[in-house]
Amino acid sequence: MSVFGDTEPTDVTYCLGLLMEAGLVLAADSRTNAGVDYVSSYRKVFDFSMPGERVVFILTSGNLSITQSVINLLRQDLHKEGESLHTMPTMFSVCRYIGHKVRQVEQQDRPVLEKDRIDFHVSLIVAGQIKGEEPALYLVYTQGNFIQATEETPFVQIGETKYGKPILDRAFNYRSSLKIAALCSLLSMDSTMISNLSVGSPVDLLVYERDTFRIAQSCRLQENDPFWVEMRRAWQQSLQNAFHNLPDIPFAFTPDPSRL
């Protein structure tokens, strides 16, 4: 039996991508576990950019062996003649190409994984900009098909998505600034980490300003990072203050006949 128990590591994570007029913001945790007795960290953000020409980032969630195989195949193609993430002419074709790699790996590994009842599903966020195009954000499914974020629906999530969605629905939109989007992504991550221990630090954050073809700012926040600790504390305090400032519920007093 391996150190992972009866199964290989299962990637439990939270990643999100935000699209806005000003650019893109990406965030991902780094926790991977296969049970309560085994927890480890793997980077979920992968950079395939060509500075000055294109930025292409992939965020991964799901079966770890499949996502790692897909990333390795994409890297190998960069050193071969023919199609690669550096030759695709559009972000749409980038996603078609990535989807093909996902299907290729799954067709090879899926029968064995299914036989041992191991979850083979994966999800990828693909984000970037190629010269001549607008910044773009996609969600690639385990079947290799994908959807694109739009002005009306400007963010995508993978992994443990439910806890971090409300803050994005309330505080973020396509017209938000990069600063507001970055804060929303971190608060969304914090909400998920509070409610699900399978999501945890370090957290990777990337900010891309449109038409620059380079990452404007990036950081990796450890659990004890002073900014991360203070931001989470301040947000918790703000929520508690807001709770106490809510108006009273207008209950109508109706006497209980049994007590008369």
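User: What makes up the lining of the largest cavity, by class?

Analyst: That lining has 10 nonpolar residues, one polar residue and no charged ones. Here Ala, Val, Leu, Ile, Met, Phe, Trp, Tyr, Cys and Pro count as nonpolar, Asp, Glu, Lys and Arg as charged, and the others, Gly among them, as polar. Gly 128 is one of the lining residues, so by that scheme it counts as polar. A word on the source: this is a predicted model, in which local features need pLDDT of at least 70, side-chain atom pairs count only at pLDDT 80 or more, and totals for chains, interfaces and linings use all residues. Residues are numbered from 1 along each chain as its sequence is written, and side-chain values use heavy atoms, with hydrogens and water left out.

User: How many cavities of 30 Å³ or more are there, and what surrounds the largest cavity?

Analyst: The count comes to one, and the largest cavity holds about 50 Å³ of space. Its lining includes Leu 24, Phe 57, Leu 206 and Tyr 208. The strands β3 (23-28), β7 (54-63), β8 (122-130) and β12 each give at least two residues to this lining. It is called a cavity because, on a 1 Å grid over the protein atoms alone, a 1.4 Å probe fits there but cannot get out; a pocket is an open set with protein on both sides within 12 Å along at least five of seven lines, and lining residues have an atom within 4 Å of a point.

User: Which residues line the largest pocket, and where do they come from?

Analyst: Among them are Tyr 163, Arg 170, Asp 190, Trp 235 and Leu 239. Two or more residues each come from α3 (165-171), α4 (178-195) and α5 (226-244), with α4 giving the largest share, four residues. The volume is about 260 Å³, and the lining has six nonpolar, three polar and two charged residues.

User: What about the second largest pocket?

Analyst: The second largest pocket has about 220 Å³. Of its 14 lining residues, Lys 179, Ala 182, Leu 205, Val 207 and Gln 217 lie nearest its centre. Here α4, β12 and β13 (215-221) each supply at least two residues.

User: Why does Asp 204 count as buried?

Analyst: Its relative accessibility is 4%, and buried means under 20% (exposed is over 50%, partly exposed in between; 1.4 Å probe, protein chains only), so Asp 204 is buried. This residue sits in strand β12 (residues 203-209). In contact terms (heavy atoms within 4.5 Å), Asp 204 meets Leu 26, Arg 43 and Cys 219, among others.

User: What makes the pair of Asp 204 and Arg 220 a polar contact?

Analyst: Their side chains come to 2.8 Å. A polar contact is a pair of N or O atoms within 3.5 Å, one able to donate a hydrogen and the other to accept it; residues adjacent in sequence count only if both atoms are side-chain atoms. The pair therefore meets the distance limit.

User: Is Gly 200 buried or exposed?

Analyst: Gly 200 is buried, at 2% relative accessible area. It lies in the loop between α4 and β12 and touches Asp 29, Ser 30, Arg 31 and Met 193, leaving aside residues up to four places away in sequence. Gly 200 and Asp 29 are 171 residues apart along the chain, yet their C-alpha atoms are separated by 5.8 Å.

Terms used: Grid points are joined across faces, edges and corners, and a volume is the space filled by probe spheres set on the points.
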